[in-house]
Amino acid sequence: MNRWTPLAVLIVAASCAGAGCSKTPVSPRSTSAGAWITNGAAACARYLSHDVVSAILTNPSGSAKTLSAQACSYTTNDSAGTITITLTNAGPSAFDDYQKYLVNPEPLQGVGDKASQSMIGIVAVKGADRNCSIDAGGAPGSLRLRGAELGQKLGAICNQLFALP
C-alpha cells in the first residue's frame, strides 16, 4: 500500500457520506453514474500515457494498477512518485462538504462544473453525481509540475473522464 491509498479511501468515504451513496440505484440517472465510476479502474492505463506521466513525475518509469472498480494508481518503479485517480457517485453538495478537509483548497477553473486544487491534488464535480479526484505526489523532488500547472494537467484528465458515458 502506498502512502496515498489511505487518503484516497478517505476521499471516497467522505464523498459517499455526503452524497448518500448506495448500492441500489435510485433512478435511471444514478444507474448511469454507477456505470460511469467503473471507468476509474482503467483510467490510469488509459489516460496516464508516458507523455502525461513524464510531464508530471520526474521519474516516469513505472506501471498502472487497478485499486478497485472505481480507482487506479500509477506508481514509479522506485516508488518515489504516485498518481491516483478515484471516481465516485457524488455531487456538488458532497464536493462542497469535502472542501473543509483540504488544506488551503484553491478554485480550479475549467475543470468539470466545479473543482479545487490542494497540496495533494485536485477534486472536481460534474453534474449531479460525478466526482473525480486525482492525487499526485511522493518523495521530495518526485513532481515535475507544481501549482496551477499541475492542477491544469490533472484537471484535463478529469475532463476526459467526465466526457465518458
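How many helices and strands are there in the protein? There are 6 helices and 7 strands. Keep in mind as you look around that this is a predicted model. If you walk along the sequence, the elements follow the pattern α-α-α-α-β-β-β-α-β-β-β-β-α.

Next, consider how the chain folds back on itself. The protein has 165 residues, and 47% of them count as buried. Take the contacts between residues at least 6 apart in sequence: 64% of these join residues at least 24 apart.

You will find Ala-136 in strand β7. Is Ala-136 buried or exposed? Its relative accessible area is 2%, and buried means under 20%, so Ala-136 is buried. Leaving aside residues up to four places away in sequence, Ala-136 touches Ile-56, Thr-82, Ile-83, Ile-120, Leu-143, Leu-150 and Leu-154.

Now for the protein's interior. In soluble globular proteins, nonpolar side chains tend to be buried together. Here, the largest nonpolar core has 32 residues. Those with the most contacts inside this core are Leu-48, Ile-56, Ile-83, Ile-85, Ile-134, Ile-157 and Leu-161. Which elements each supply at least two residues of this core? They are the helices α2 (28-37), α3, α4 (50-56) and α6, together with the strands β2, β3 (81-88), β6 and β7. The largest share, 6 residues, comes from α6.

Not counting residues up to four places away in sequence, Leu-161 touches Trp-36, Asn-39, Ala-43, Tyr-47, Ile-85, Leu-87, Arg-130 and Cys-132. There is also a second, separate core of 6 residues, which includes Phe-95, Tyr-98, Leu-102 and Val-123.

How many disulfides does a search of the whole structure find? The search finds 2. One of them joins Cys-132 to Cys-158, with an S to S distance of 2.1 Å. This link is left-handed, with -80° about the S-S bond. Cys-132 lies in strand β7 and Cys-158 in helix α6 (residues 147-162), so this pair ties together parts that are 26 residues apart in sequence. Both Cys-132 and Cys-158 are buried.

The other disulfide joins Cys-44 to Cys-72, also with an S to S distance of 2.1 Å. Its link is right-handed, with 85° about the S-S bond. Because Cys-44 lies in helix α3 (residues 43-47) and Cys-72 in strand β2 (residues 71-76), the pair ties together parts that are 28 residues apart in sequence. Cys-44 counts as buried at 1% relative accessibility, and Cys-72 counts as buried at 1% as well.

The structure holds 1 cavity of 30 Å³ or more, and about 50 Å³ of space lies in the largest cavity. Of the 12 residues that line it, the closest to its centre are Tyr-98, Leu-102, Ser-118, Ile-122 and Val-123. You have already met Tyr-98, Leu-102 and Val-123 in the second core. The elements that give two or more residues to the lining of this cavity are β5 (114-118), β6 (121-126) and β7 (130-138). The lining is made up of 6 nonpolar, 5 polar and 1 charged residues.

Which elements each supply at least two residues of the lining of the second largest pocket? They are β4 (106-107), β5, β7 and α6, with α6 giving the largest share, 4 residues. By class, the lining of this pocket has 9 nonpolar, 6 polar and 2 charged residues.

Technical notes: Residues numbered from 1 in each chain as written. Predicted model: local features only at pLDDT ≥ 70, side-chain atom pairs only at ≥ 80, totals over all residues. Heavy atoms only, no water. 1 Å grid on protein atoms, 1.4 Å probe; cavity = no way out; pocket = protein on both sides within 12 Å on 5 of 7 lines; lining within 4 Å. Points joined across faces, edges and corners; volume = space filled by probe spheres on them. Nonpolar A, V, L, I, M, F, W, Y, C, P; charged D, E, K, R; others polar. Disulfide = S-S within 2.5 Å. Buried < 20%, exposed > 50% of the residue type's maximum accessible area, 1.4 Å probe, protein only. Core = buried A, V, L, I, M, F, W, Y, C linked by side-chain atoms within 4.5 Å. Contact = heavy atoms within 4.5 Å.
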